[in-house]
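Student: Please take one part of this model and look at it closely. I would like to start with a pocket and then follow a helix that helps line it.

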Amino acid sequence: LMGDGVDASTESGQKLKKALGELKDNLVPISPDIQKAMIMDLLTHNRSTVQGLTNIRSLGAASVGETLMAEARLTNGQTKEVVLKLLKPGVDQRAARERAVMEAIAQEIPGMEETFAGIADQIDRELDLSREAANVEQAAVYRSANLGYLQPVKTLANLGANQDFMFMEKASGGTVKQAMNEMAAGGDKPVQEGNLQQVIELQDRLKEGEMLSQRLESLSRVWLKQALFGKGFFHGDLHSGNMMFGNTQGQEGLLTLIDFGNAGTLTRAERAGMLKLMLAAENRYPQQFVDTLATMVGPKSQALLGDADKKEQLVAQVSELFADPTMSGSQRMMEAFNIANQFDVAVPNPITNFSRSRNMLDRTIKDLNAINLTNWQILEA
């Protein structure tokens, strides 16, 4: 989260953002010996469906687990390529220790104690992969749009799941982040005169970029529709590393959502309030934004906002924020929540979680469109 919010307008800021990004992309995997022991234990207790796993290779480590690709030999004699997610051993004990430290710090920061409690509860839920498997089942709502090219990853229900592991089907292609890096590979170098190969490569990158941009715009609409007007379910971590983009049989440009460890469901009241907050942020209505927020927070925060002077001060600061023409609506919402925290107003975790995920998706679309514009300008030059 720190890396996402770093100001990269200076050289030092760019270095810090790059370093934190590399840290996030190169998290420590489970050691081979421990990984082997975990898989042996998994097979021992799951013999009813899986006889063995071969050709095991890592797809990457995350903060709480690691994802592996393997060939599963099933009891019915079939062999199937599967994705296996393992929880890092001891991560729940480490999270508990860190939670105690952070709770003590949060008590000293205005508006943070209750806000952090919601975040910590979400992290605790992510430390149980059976919950993630259940979230993937709920994510079937994204198929209801019948777009063909948009889908959530599928679990392999007959292979089971528990706190420490879950099985999924393999998703096509690579991450959206990888695809965007490849599209931007040419940088802003002009096309060399007479270099037909360079022109063809640029055209291919632009074609793929335009397709991905359309896919992400469609995802944004479906994601919002399901969260606000459907059952309230939403993927809570829609960054470019949690979306896969590639081709499969009979389908070009398939966009697959993965990693549902962080997901949530908005209540009917939260959906109504969130829609009002979004409209207020998009149309720059600070008074309406604060008034709506006051109906969505807990009793302690409501009492604080009952103080006319404090509420007026909050509205004034939000008004100043909303006047910034460079910010998107999702950015304005996140910054407004930060300001509210400074007034000791605790924003409920489902609200911040939903808003943060929306901001992630908006930022990915913005970055991709910038890459597409650069490639188009080079091609037209």
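Tutor: This is a predicted model. Start with the second largest pocket. Its lining counts 15 residues. Nearest its centre lie Met-38, Asp-41, Asn-162, Asp-164 and Phe-165. H2 supplies the largest share, with 4 residues. By type, the lining holds 7 nonpolar, 4 polar and 4 charged residues. The space in this pocket comes to about 220 Å³.

Now follow helix H3. Ile-105 is found in this helix. Ile-105 counts as partly exposed because its relative accessibility is 41%. Together with Val-101, Met-102 and Ile-109, Ile-105 makes a nonpolar surface patch of about 340 Å².

Arg-99 forms a salt bridge with Asp-124, and the closest N and O atoms are 2.6 Å apart. This pair links distant parts of the chain: Arg-99 sits in helix H3 and Asp-124 in helix H4 (residues 112-126), 25 residues apart. The two partners can be set side by side. Arg-99 counts as buried, because its relative accessibility is 18% and the cut-off for buried is under 20%. Asp-124 has a relative accessible area of 36%, so Asp-124 is partly exposed. The contact belongs to a network of salt bridges that links Arg-99, Glu-103, Asp-121 and Asp-124. The structure as a whole holds 11 salt bridges.

Note on methods:
Residues are numbered from 1 along each chain as its sequence is written. This is a predicted model: local features need pLDDT of at least 70, side-chain atom pairs count only at pLDDT 80 or more; totals for chains, interfaces and linings use all residues. Side-chain values use heavy atoms; hydrogens and water are left out. On a 1 Å grid over the protein atoms alone, a cavity is a set of points where a 1.4 Å probe fits but cannot get out, and a pocket is an open set with protein on both sides within 12 Å along at least five of seven lines; lining residues have an atom within 4 Å of a point. Grid points are joined across faces, edges and corners, and a volume is the space filled by probe spheres set on the points. Helices (H or I, at least four residues) and strands (E, at least two) are DSSP runs, numbered from the N terminus. Ala, Val, Leu, Ile, Met, Phe, Trp, Tyr, Cys and Pro count as nonpolar, Asp, Glu, Lys and Arg as charged, and the others, Gly among them, as polar. Patches are made of residues with over 30% relative accessible area and no salt bridge: like charges are joined within 9 Å, nonpolar side chains (Val, Leu, Ile, Met, Phe, Trp, Tyr) within 5 Å. Accessible areas come from the Shrake-Rupley method with a 1.4 Å probe; for residues, only the protein chains shown count as cover. A salt bridge is a side-chain nitrogen of Lys or Arg within 4 Å of a carboxyl oxygen of Asp or Glu. Buried means under 20% relative accessible area, exposed over 50%, partly exposed in between (1.4 Å probe, protein chains only).
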